[in-house]
Amino acid sequence: MRPVLIIMVKEPRPGRVKTRLGRDIGKIAATWWFRHQSARLIRRLRDPRWRIVLAVSPDLAVTSRVWPADIARYRQGQGDLGQRMGKMLRSFGPGPTCLIGADIPGVTRAHIARAFAALGDHDAVFGPALDGGYWLVGVKHPKRLPRSLFQNVRWSSEHALADTLRSLPGYRIALTDRLRDVDTAADLP
């Protein structure tokens, strides 16, 4: 069975996607950026070595025409970011599964391949972001994830990665490439 790459996406609607970026450049411009960024990202990351699935929000957008029709889509469901990420990771397996957001302009197939390779001798892998968060989380055995994963994480802060790592005691963890995600206008390439 091929490894799974989950890409978390939101339907690009003004005021509902990239809200911090929208405060800097305007809601319409932020929505336009995300729509085109996510389309480029999906095209760029297609690879026969893994299967791409989309974790879609809001749940009704699972039928949206925004994304390629040939890629499987799953509803993110309710809950905070950590609850939704945990649900998505636990939904796949038994083999390696990685999850990313759609707001990482610099990610390439080589970055994803290195993350999956790190799971060969580690239980989990993280791609640190420049702001203290992370752009990728991957796990070797998704069905074995502790329920405590992603609890008490200070999202959208410089503590997000450290908080998440604390929720995986005893796990062999690898860190892979450090990339920039886009939260504000200062992050735009």
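This is a predicted model: local features need pLDDT of at least 70, side-chain atom pairs count only at pLDDT 80 or more; totals for chains, interfaces and linings use all residues.
Visitor: What makes up the secondary structure of the chain?

Guide: There are five helices and seven strands. Going along the sequence, they come in the pattern β-α-α-β-β-α-β-α-β-β-α-β.

Visitor: How do you know whether the radius of gyration agrees with a compact globule?

Guide: You set the value against the rule. For 189 residues, a compact globule would have a radius of gyration near 16 Å, and the chain has 15 Å, so the two agree. The C-alpha trace spans about 45 × 35 × 30 Å along its principal axes. As for the inside, 50% of the 189 residues count as buried.

Visitor: Let's talk rings. How many aromatic pairs are there?

Guide: The count comes to five aromatic pairs.

Visitor: Why is the pair of phenylalanine 126 and tyrosine 134 called edge-to-face?

Guide: Two checks. Ring centres have to lie within 6.5 Å to pair, and planes over 60 degrees apart count as edge-to-face. Here the centres are 5.1 Å apart and the planes stand at 85 degrees, so the pair is edge-to-face.

Visitor: And what makes the pair of phenylalanine 150 and tryptophan 155 tilted?

Guide: Stacked needs planes under 30 degrees apart, edge-to-face needs over 60, and the rest are tilted. These rings have their planes at 40 degrees and their centres 6.1 Å apart, so tilted is the word. Phe126, Tyr134, Phe150 and Trp155 form one aromatic cluster.

Visitor: Which residues is serine 167 in contact with?

Guide: Leaving aside neighbours within four places in sequence, serine 167 touches Pro146, Ser148, Leu149 and Phe150. Phe150 is also a member of the aromatic cluster. Serine 167 sits in the loop between helix 5 (160-166) and strand 7 (173-175).

Visitor: Why is serine 167 called buried, if it's in a loop?

Guide: The label rests on relative accessibility, where the cut-off is under 20%. Serine 167 has 7%, so it counts as buried.

Visitor: Is serine 156 buried or exposed?

Guide: Exposed takes over 50%, and serine 156 has 61% relative accessibility, so exposed it is. Serine 156 also has a positive phi, about 60 degrees, although it is not a glycine. Its place is in the loop between strand 6 (134-139) and helix 5.

Visitor: Where are there cis peptide bonds?

Guide: One runs from serine 57 to proline 58, with omega near -10 degrees. Another runs from glycine 93 to proline 94, with omega near 15 degrees. Proline 58 lies in the loop between strand 2 (51-57) and strand 3 (72-75), while proline 94 is in the loop between helix 3 (81-90) and strand 4 (97-101).

Notes
Residues are numbered from 1 along each chain as its sequence is written. Side-chain values use heavy atoms; hydrogens and water are left out. Rings of Phe, Tyr and Trp (its six-membered ring) pair if their centres lie within 6.5 Å; planes under 30 degrees apart count as stacked, over 60 as edge-to-face and the rest as tilted. Helices (H or I, at least four residues) and strands (E, at least two) are DSSP runs, numbered from the N terminus. The radius of gyration is taken over C-alpha atoms; the globule rule is 2.2 Å times the number of residues to the power 0.38. Buried means under 20% relative accessible area, exposed over 50%, partly exposed in between (1.4 Å probe, protein chains only). Contact means heavy atoms within 4.5 Å.
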